[in-house]
Amino acid sequence: MSKRMKAILTENDFSQSQPLDVAVDSAIKTSTTKFNETIDICLNLNIDPKNGEQNVRGKMKLPKSLGKKIKVCVFASDEKQQEAKDAGADIVGSDDLIQKVESGFTDFDRCISTPDMMSKVGKLGKVLGPRNLMPNPKLGSVTNEIKKAVEDAKAGEIEFKNSDTLVQAGIAKADFDKSEIINNIKFFVDSISKERPSGVKGDFIKRVYISPTMGPGINIDINSING
């Protein structure tokens, strides 16, 4: 543990959950590195990850985008390629691009495909799957509405899915206004709540934590988020 982290843990008590506004203050206060840290969020869900019907996956646009430049790759047939380029896609192609990705090229953040290309794109699962880049119709990344899909991705739309019982994402930057961080947290938690699988009994969201990139986890009182 670094001297910086030891000092943070000595000066602050993170053993108990904190009201949302206090937790955000703590996250900002403990973001003390020289770069603008990301505020991450982690939700512990009451799901059985082995039950496919209880897996949680989707996408959302946060009220305040993190401002990250998203590099978008589009697999499209000839007639859709110009539409993708006009919408701002960074990498566009068909068979030639598939061969390039098959060889290991993954210099992009989001991947979109037209439905007619998926029989070929599906063969890239070993390359794209582990990087969570595989186009998925449930997430709107397999679509003929290429313009909208590219523009949404460029606007900072984020994807989420559970890993075991956890859902994690970058929720804000440390230099955001406090109200913007709070709004993003509330929006994220509310969006995940709406993805509650029908088979879940009892509370769906068990715990919510936030943390700066290089800081400690801060447990938020869930009632203060919903209040």
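## Burial and overall build

Of the chain's 227 residues, 46% count as buried, where buried means under 20% relative accessible area, exposed over 50% and partly exposed in between, with a 1.4 Å probe and protein chains only. This is a predicted model, in which local features need pLDDT of at least 70 and side-chain atom pairs count only at pLDDT 80 or more, while totals for chains, interfaces and linings use all residues. Residues are numbered from 1 along each chain as its sequence is written, and side-chain values use heavy atoms, with hydrogens and water left out.

The chain has nine helices and nine strands; helices (H or I, at least four residues) and strands (E, at least two) are DSSP runs, numbered from the N terminus. Along its principal axes, the C-alpha trace spans about 60 × 45 × 30 Å. Contact here means heavy atoms within 4.5 Å. Among the contacts with a separation of 6 or more, 72% are between residues 24 or more positions apart.

## The parallel sheet

Let's start with the sheet built around β3. Three strands form an open sheet with parallel pairing, in the order β4-β3-β5; two strands pair if DSSP finds at least two bridges between them. β4 (91-93) and β5 (110-113) are at the edges with a single partner strand each, so one side of each has no neighbour in the sheet. From one strand to the next, the twist averages 15 degrees. Axes are lines fitted to C-alpha atoms, for helices over the stretch in contact, and angles run from 0 to 180 degrees between N-to-C directions.

Strand β3 (residues 72-75) is joined to β4 by three bridges and pairs with β5 over four. F75 stands opposite G93 in β4 and opposite S113 in β5. Helix α7 (residues 146-154) packs on this sheet, touching β3 and β5, and its direction makes about 160 degrees with that of β3. Both faces of β3 are covered: V72 and V74 are buried on one side, C73 and F75 on the other.

## The antiparallel sheet

A second open sheet has four strands in the order β7-β1-β8-β9, with antiparallel pairing. Here β7 and β9 (218-220) take the edges, each with a single partner strand, so one side of each is left without a neighbour in the sheet. Neighbouring strands are turned against each other by 25 degrees on average, direction ignored.

Strand β1 (residues 38-45) pairs with β7 over seven antiparallel bridges, and I39 stands opposite A172 in β7. Two helices meet these strands. α2 packs on the sheet, touching β1, β8 (205-212) and β9, with its direction at about 165 degrees to that of β9. Helix α8 (residues 178-193) lies across β1, β7 and β8, running at about 155 degrees to β7.

## Cysteines

A search of the whole structure finds zero disulfides, a disulfide being a pair of cysteine sulfur atoms within 2.5 Å. C111 is in no disulfide, and the nearest cysteine sulfur, that of C73, is 4.4 Å away. C111 is buried, with a relative accessible area of 4%. C42 is also buried, with a value of 16%.

## The largest pocket

The largest pocket holds about 810 Å³ of space. On a 1 Å grid over the protein atoms alone, a pocket is an open set of points where a 1.4 Å probe fits, with protein on both sides within 12 Å along at least five of seven lines, and lining residues have an atom within 4 Å of a point. Grid points are joined across faces, edges and corners, and a volume is the space filled by probe spheres set on the points.

This pocket is lined by 29 residues, of which R110, I158, E159, F160 and A169 lie nearest its centre. β5, β6 (158-161) and β7 (166-173) each supply at least two residues of the lining.

## Two loop residues

P19 is in the loop between α1 (3-11) and α2 (20-29). At 39% relative accessibility, P19 counts as partly exposed. Leaving out residues up to four places away in sequence, P19 touches D221 and S224.

N136 lies in the loop between α6 (125-128) and α7. N136 is buried, with a relative accessible area of 16%. Not counting residues up to four places away in sequence, N136 touches R57, S141 and V142.
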